[in-house]
Amino acid sequence: MHELGIADAIVKMMDKILKEEEMTGANRIVLEIGELSGVVPKFMDDCWGAVVSGTKYENTELEIEIVPGIARCLDCGSDFRAAETDFRCPKCGSEKVMPMFGRDMTIKEIEAY
């Protein structure tokens, strides 16, 4: 479960950001998780609770926004939601596809004090 390591890395990033901005804590953090990123939102939510338990971020709310995984068919040029079609083009049936969006996970917002 690599989400545990990711959650830990986010806490370290928050420490750095809050120090740079001369703030002491956070009420909420918003993550954008792409459908094609390999990060499972439910696991991330569970790991977040474990990683922040007993820290200054214990009461920091984790909000997750899902970014659709969009792919483009290299045969016919159609764009489609890859996760819904098992990476097959719904227009021509080709498996020659290229992910366009939804491969990343980013910190969108930190509500800090």
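Colleague: How far apart are the mean positions of the positive and negative charges of the chain?
Modeller: In this predicted model, the 13 positive and 22 negative charges have mean positions 6 Å apart.

Colleague: And what makes a residue count as positive or negative here?
Modeller: Lys and Arg are taken as positive, Asp and Glu as negative, so His is left out of the tally.

Colleague: How do you know how the chain's radius of gyration stands against that of a compact globule?
Modeller: The rule for a compact globule of 113 residues gives a value near 13 Å, but the chain has 17 Å. The C-alpha trace spans about 55 × 25 × 15 Å along its principal axes.

Colleague: Which elements does the chain have, and in what order?
Modeller: From the N terminus on, they run α-β-α-β-β-β-β-β, that is, two helices and six strands.

Colleague: What share of the residues is buried?
Modeller: Of the 113 residues, 30% are buried; the word applies under 20% relative accessible area. The chain exposes about 6,900 Å², with carbon and sulfur atoms supplying 51% of that.

Colleague: What makes a set of residues a nonpolar core?
Modeller: Its members are buried residues of the nonpolar kinds, joined through side-chain atoms within 4.5 Å. The largest such core here has 18 residues, and Ile-10, Met-14, Ile-29, Leu-31, Met-44 and Trp-48 have the most contacts inside it. Two or more residues each come from α1 (3-20), β1 (26-34) and α2 (41-52). The most come from α1, which gives six. Another core, of six residues, lies apart from this one, with Ala-71, Cys-73, Ala-82 and Cys-89 among them.

Colleague: Which residues does Leu-31 touch, leaving aside neighbours within four places in sequence?
Modeller: Leu-31 is in contact with Ile-10, Met-44, Leu-62, Glu-63, Ile-64, Glu-65, Met-105, Thr-106, Ile-107 and Lys-108. A contact needs heavy atoms within 4.5 Å.

Colleague: How much of the chain's contact list joins residues at least 24 apart?
Modeller: Counting contacts between residues at least 6 apart in sequence, 69% join residues at least 24 apart.

Colleague: Why is Glu-84 called exposed?
Modeller: Its relative accessible area is 60%, and exposed means over 50%. Glu-84 is therefore exposed. You'll find Glu-84 in the loop between β4 (79-81) and β5 (97-101).

Note on methods:
Residues numbered from 1 in each chain as written. Predicted model: local features only at pLDDT ≥ 70, side-chain atom pairs only at ≥ 80, totals over all residues. Heavy atoms only, no water. Helix = DSSP H or I, 4+ residues; strand = E, 2+ residues; numbered from the N terminus. Rg over C-alpha atoms; globule rule 2.2 N^0.38 Å. Buried < 20%, exposed > 50% of the residue type's maximum accessible area, 1.4 Å probe, protein only. Areas by Shrake-Rupley, 256 points an atom, 1.4 Å probe, with all protein chains shown as cover. Charge placed at Lys NZ, Arg CZ, Asp CG, Glu CD.
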